[in-house]
Amino acid sequence: MADDSAFAPGFFARQDESDDRDFYAAPRLVVHIDDATISALTAAYRELLPRDGDLLDLMSSWVSHLPADVEYGRVAVLGMNAQELAANPRASDRVVHDLNAEPELPFEPDSFDAVVNAVSIQYLTRPVEVFRSVARVLRPGGIHAVAMSHRCFPTTAVRAWHVLPPRERIDVVGTYFREAGGYEDPEVLDRSPQGADPLWIVTARRTT
Ligand SMILES: C[S@@+](CC[C@H](N)C(=O)[O-])C[C@H]1O[C@@H](n2cnc3c(N)ncnc32)[C@H](O)[C@@H]1O
């Protein structure tokens with residue numbers, strides 16, 4: 001199977017190649033996109049994520065952007081900072097886990113109906129391995145939704161995010177899905193609100 005070596009040399013290089021645990025040692029209890037963009041993401045989650053389903057929020061923090069009035073089953077959150085995850089009111093279980101050090105997810109196969117990843121894909125240095133592991137933990141037909149905007153922590157985003165325009169970054173995420181395998185064809189939703197940070201969501205369902 002292909003892996004991240006399918007991309008050009010330097011594609012995943014970062015200005016700051018030090019251990020991610022150092023960068024994320026202090027909690028950042030902030031939001032990373034405009035309020036209107038958060039509302040658009042929440043509205044998209046309302047459509048895409050199954051009520052009562054078991055969810056995994058990857059690269060999570062203190063907010064998961066889920067609709068407040070919708071009940072889900074398990075809401076597992078995985079990120080780098082324990083204090084951020086502890087402050088997440090939607091979480092039913094919390095895991096501190098560095099996906100760049102260990103792309104394999106610490107969950108059993110077929111555990112989730114949906115996996116979401118909000119405004120963080122640019123920090124993954126081994127995304128194809130992570131996407132393959134997401135397919136493993138998703139149930140057949142389950143959805144993997146990757147929400148992207150245009151802000152980033154510049155020193156920890158991969159080089160490709162600095163050199164590619166947004167349209168090509170969206171295509172790159174589609175390539176992550178295809179290289180990983182185990183997914184139906186990816187689809188792209190443009191839910192960018194007027195006058196606020198843009199929002200593109202690339203989704204693919206696990207093959208049945
Ligand atoms: C821009 S914040 C986004 C947080 C949240 N998803 C949101 O929508 O506000 C980036 C998040 O990616 C997570 N992250 C960054 N590098 C990671 C890594 N190597 N492994 C796992 N999570 C990581 C951090 O914990 C951080 O919370």
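Residues are numbered from 1 along each chain as its sequence is written, and side-chain values use heavy atoms, with hydrogens and water left out. Because the model is predicted, local features need pLDDT of at least 70 and side-chain atom pairs count only at pLDDT 80 or more, while totals for chains, interfaces and linings use all residues.

**Exercise 1. Aromatic rings**

Task: find how many aromatic pairs the structure holds, and classify Phe-7 with Phe-11 and Phe-23 with Tyr-24.

Solution: 
- Start with the rule: rings of Phe, Tyr and Trp (its six-membered ring) pair if their centres lie within 6.5 Å; planes under 30 degrees apart count as stacked, over 60 as edge-to-face and the rest as tilted.
- Searching the whole structure gives 13 aromatic pairs.
- For Phe-7 and Phe-11, the ring centres are 4.9 Å apart and the planes meet at 40°, so this pair is tilted.
- Now check burial, where buried means under 20% relative accessible area, exposed over 50%, and partly exposed in between (1.4 Å probe, protein chains only). Phe-7 has 14% relative accessibility and counts as buried; Phe-11, at 15%, is buried too.
- Phe-23 and Tyr-24 are 4.9 Å apart centre to centre with 80° between the planes, an edge-to-face pair. Tyr-24 is buried, at 13%.

**Exercise 2. A charge over rings**

Task: work out over which rings the charged end of Arg-28 sits.

Solution: 
- The test asks for NZ of Lys or CZ of Arg within 6 Å of the ring centre and within 35 degrees of the ring normal.
- The charged end of Arg-28 sits over Phe-23, 4.4 Å from the ring centre.
- It also sits over the ring of Phe-153, at 4.9 Å from the centre.

**Exercise 3. Helices α6 and α4**

Task: compare the span of α6 with the expected value, then see what covers α6 and α4.

Solution: 
- Helices (H or I, at least four residues) and strands (E, at least two) are DSSP runs, numbered from the N terminus.
- The expected span is 1.5 Å times one less than the number of residues. Helix α6 (residues 166–180) has 15 residues and reaches 21 Å between its first and last C-alpha, close to the 21 Å expected.
- Its buried residues include Ile-170, Val-173, Tyr-176 and Phe-177. Among the elements covering them are α4 (127–137), β5 (138–148) and β7 (200–205), where contact means heavy atoms within 4.5 Å.
- Just after α6, Gly-181 takes a positive phi of about 80°.
- In α4, 8 of the 11 residues are buried, so this helix is largely enclosed by the rest of the structure. Phe-131 and Val-134 are among the buried ones, and the cover of α4 includes β1 (55–58), β4 (112–118), β5 and α6.
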